[in-house]
Number of protein chains: 2
Amino acid sequence: VTSNPRLGILGLGTVGSGLVRLIRRREPHLRAAHGVTLQIGGAAVRSGGKPRAPDLAGIPITTDPLALARSPETDIVVELIGGFDTALDCVRAALEAGKPVVTANKALLAHHGPELYALARERGVPLFAEASVGGGIPILKALRESLVANEISSLVGILNGTTNYVLTRMEEDGVSYFEALRMADERGYTEADPSLDIEGIDAKHKLQILAAHLCGGAYPEGEILREGIGDVTARDFFFARRRGLTIKLLAIARKSAGEIELRVHPALVPRTHPLAGVRDQFNAIVLEGDAVGEIMLYGAGAGAMPTASSVYADIVDICTRVARGGGAGAGTEPTPLRIKPASDVESEYYLRVTVSDEPGVIGEVATILGAHGISVSSVAGELIPNAAGLGDLEIVIHRTREGALLSALASIDGLPRIRGRTRFLRLLGSPGGVP
Amino acid sequence: VTSNPRLGILGLGTVGSGLVRLIRRREPHLRAAHGVTLQIGGAAVRSGGKPRAPDLAGIPITTDPLALARSPETDIVVELIGGFDTALDCVRAALEAGKPVVTANKALLAHHGPELYALARERGVPLFAEASVGGGIPILKALRESLVANEISSLVGILNGTTNYVLTRMEEDGVSYFEALRMADERGYTEADPSLDIEGIDAKHKLQILAAHLCGGAYPEGEILREGIGDVTARDFFFARRRGLTIKLLAIARKSAGEIELRVHPALVPRTHPLAGVRDQFNAIVLEGDAVGEIMLYGAGAGAMPTASSVYADIVDICTRVARGGGAGAGTEPTPLRIKPASDVESEYYLRVTVSDEPGVIGEVATILGAHGISVSSVAGELIPNAAGLGDLEIVIHRTREGALLSALASIDGLPRIRGRTRFLRLLGSPGGVP
């Protein structure tokens, strides 16, 4: 890469336009600090006739992103198209031509990361994607560089701003899930299809990218446990509050003995945990390193300018870093790990059993748990009456294999005095101890 | 720097020994990821005869750090001696010889930073000091690289772990300042001379280094407002809790119109602010960037291994980054700013006036505030009786110049019905709005 690299910017939506503004605004700083001047060689858009903002004037526009990615006039390819087909073709073509690539496309990397990172390593060029996880939060660079002294054993993140906003409103305003979702919608925090967010699919994509960085660039194979926030109720928050807990949609990666736990689900988080204070649409990631201990990065997980900030930093990194060794984004010595089966993952659990108020039922439930080797940490003896005239019995159980719990719950839910299905939520342990 | 640089490690205390362990533990990773192998050319210690841990065997030991820093066999100098005299001589000699330097010495950079960074820029070599601020938190690298797209307008940090531990115990256990200090001492969190911590001197040193990074490497000139935590009482926490606030020792930097506000003092922090959740001995820094918005980095602010983690990352950065342009730690285009006089700084304030319970006193106090152009945001009408049989009147005032407030307080404290001195605490605004 020369000191005057020509960028091919694929996509001039809000992030692309923000990037152009940053490139112009920071030009004097970049020249003074690094002797680098970024040239905008061209931008690819879907429709050439559309009027552009005045500050985008002077940029050569094309409607053929693949040609721009392949052009000998393009030194660095910045993929901001999103989606799969065209984006994949362009990134692949750029890497094949030995060009560094910067992308913000989490879905692309979640689905085609293994192929694309392998190609980047083979050609010895960087594939950087800071903006694909946590928006403006420099998490991938921290894993790659700042924490280079550390073996990272676990990572717990709030990776989706929409769902965190919904859960924060449920907690702080006491509103229902649907009311909170409507509030998120009013603020423009929801997508046309909200299922990507609320079902945890977006968080899962980001977790896959993070996991690849934890495994030196290898994408772990297997099924990722994924549960959205659709089942979280005001009553869950009522009980959580009584115990000094809150509820967050967490993405969790934890290495253990040649396997990696990967899961996305709502979890109870102690109020004293740093993730408990991550409110509204903010994102945060807590890492555990063997030298640094616990560390957290927090910031805007989405938005045009935070995302453009990360894209810009990736471009500057490409211009200033030696391509010694590989230099591909996610390391050069992939250690493939298998994803631990969900039934083998261990956690503490909170259970809420709805019963008719009969004294023997606690003993029956405890007997079934015991028969499955599950040890009870606490039982709330009083039955908290609920709206239907029944009572809720709360049970916290010690660290247990999820498979054993699910099997016990099947038996419990078959008891004649149990009404409905037992609600269970996983507990995030204290810092350092992931559920 | 070659791909097999020889390190001269000055100081083999807990951080130096931790660094040696990391270098050995991470050798395969560094070779695979970057093709770099770090050689330990030698280590300088105070007393050569002392027995060393078995894992430090094989390292050439000298008692002459200056000779090691100057030696043609040393490619990178790692200064872990601390203090001024020898450390300063060694860092200066290394930079003069054109060698990259990594240091963890905050006092050295706070006092001699202007000279040393200028020398580094002149010789075109990096002077990296990630470990000097926030221990294992990669804050300087974030300012230098990850946030390169941003003009950083403000920074608010909890930069001293000892005082944060003391304040956390006061808040959560309801103990007195002295009891909390004793608890910190028991845990080994206090220095032989605790005044560096509790008077805010250590936090001020770190703030000076951060400010230099905000100003492109220039050390702002002028007086830094500094208040320790010695005056914070259990009664302050009692009142804070009633208002949904906590109390933290904050280090604040904020740019405004050719000046920079720099100050270290205890402040009231809303429970909803991300810094409110930073407990015990942890550190955190909240930054406001014009593109990225609000971002926070959180982690262990001290300790041998977190500190060694940052030193190691600095060394790897030196080995893998192009020295294009300057490459000196704190940028290459210093923008010198004057420190705004403390009396010109504006903030919201919380006042607690101790009065004998007489109705006219509220009017007298409000009249004096009004005469100084200070507008009252809220007055707690009820007088909260205190131990001495007097009452405490609480007043929150809108954004005010500190000079105006101090002048008003001088008049208020002269009123006959006011007992003792008025307690005042600055309030940290909501995210984005520094006090």
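# Close-up views of a predicted model

A:Phe178 is exposed, with a relative accessible area of 65% (buried means under 20%, exposed over 50%, partly exposed in between; 1.4 Å probe, protein chains only). The model is predicted, so local features need pLDDT of at least 70 and side-chain atom pairs pLDDT 80 or more, while totals for chains, interfaces and linings use all residues. Residues are numbered from 1 along each chain as its sequence is written, chains are lettered from A and ligands numbered from 1 in the order written, and side-chain values use heavy atoms, without hydrogens and water.

**View 1. Aromatic pair A:Tyr177 and A:Phe178.** Rings of Phe, Tyr and Trp (its six-membered ring) pair if their centres lie within 6.5 Å; planes under 30 degrees apart are stacked, over 60 edge-to-face, and the rest tilted. Over all chains, this rule gives twelve aromatic pairs. A:Tyr177 and A:Phe178 make an edge-to-face pair, with 5.1 Å from centre to centre and 70° between the planes. A:Tyr177 is buried, at 9% relative accessibility, whereas A:Phe178 is exposed, at 65%.

**View 2. Aromatic pair B:Tyr165 and B:Tyr189.** The pair is edge-to-face, with centres 4.9 Å apart and 80° between the planes. It links distant parts of the chain, 24 residues apart. B:Tyr165 belongs to helix 7 (residues 161–173) of chain B, and B:Tyr189 to the loop between helix 8 (177–186) and helix 9 (195–198) of chain B; helices (H or I, at least four residues) and strands (E, at least two) are DSSP runs, numbered from the N terminus. B:Tyr165 is buried, with a relative accessible area of 3%, while B:Tyr189 is partly exposed, at 22%.

**View 3. Charges over the rings of A:Phe128 and B:Phe128.** In chain A, the charged end of A:Arg144 sits over the ring of A:Phe128, at 4.0 Å from the ring centre (NZ of Lys or CZ of Arg within 6 Å of the centre and within 35 degrees of the ring normal). In chain B, B:Arg144 lies over the face of B:Phe128, 4.0 Å from the centre of the ring.

**View 4. Packing of helix 1 and helix 12 of chain A.** Helix 1 (residues 14–25) and helix 12 (residues 304–320) of chain A pack at an angle of about 55°, and their axes are 8 Å apart. Residues of helix 1 of chain A in this packing include A:Val15, A:Gly18, A:Leu19 and A:Leu22. They meet a set in helix 12 of chain A that includes A:Met305, A:Ala308, A:Val311 and A:Tyr312; contact means heavy atoms within 4.5 Å.

**View 5. The buried side of helix 14 of chain A.** Helix 14 spans residues 402–412 of chain A, and its buried residues include A:Gly403, A:Leu405, A:Leu409 and A:Ile412. The buried residues of this helix pack against strand 8 (225–226), strand 14 (346–355), helix 13 (361–371), strand 16 (391–401) and strand 17 (423–427) of chain A.

**View 6. Surroundings of B:Ala291.** B:Ala291 is placed in the loop between strand 11 (282–289) and strand 12 (293–300) of chain B. At 4% relative accessibility, B:Ala291 is buried. Apart from its neighbours within four places in sequence, B:Ala291 is in contact with A:Leu22, A:Met305, A:Pro306, A:Ser309 and B:Asn150. B:Ala291 and B:Ile152 are 139 residues apart in sequence and 9.0 Å apart in space, C-alpha to C-alpha.

**View 7. Surroundings of B:Ala234.** B:Ala234 lies in helix 11 (residues 234–242) of chain B and is partly exposed, with a relative accessible area of 41%. Leaving aside its neighbours within four places in sequence, B:Ala234 touches B:Met170 and B:Val175. The C-alpha atoms of B:Ala234 and B:Val175 are 6.9 Å apart, with 59 residues of separation in sequence.

Methods: Axes fitted to C-alpha atoms, helices over the stretch in contact; angles between N-to-C directions.
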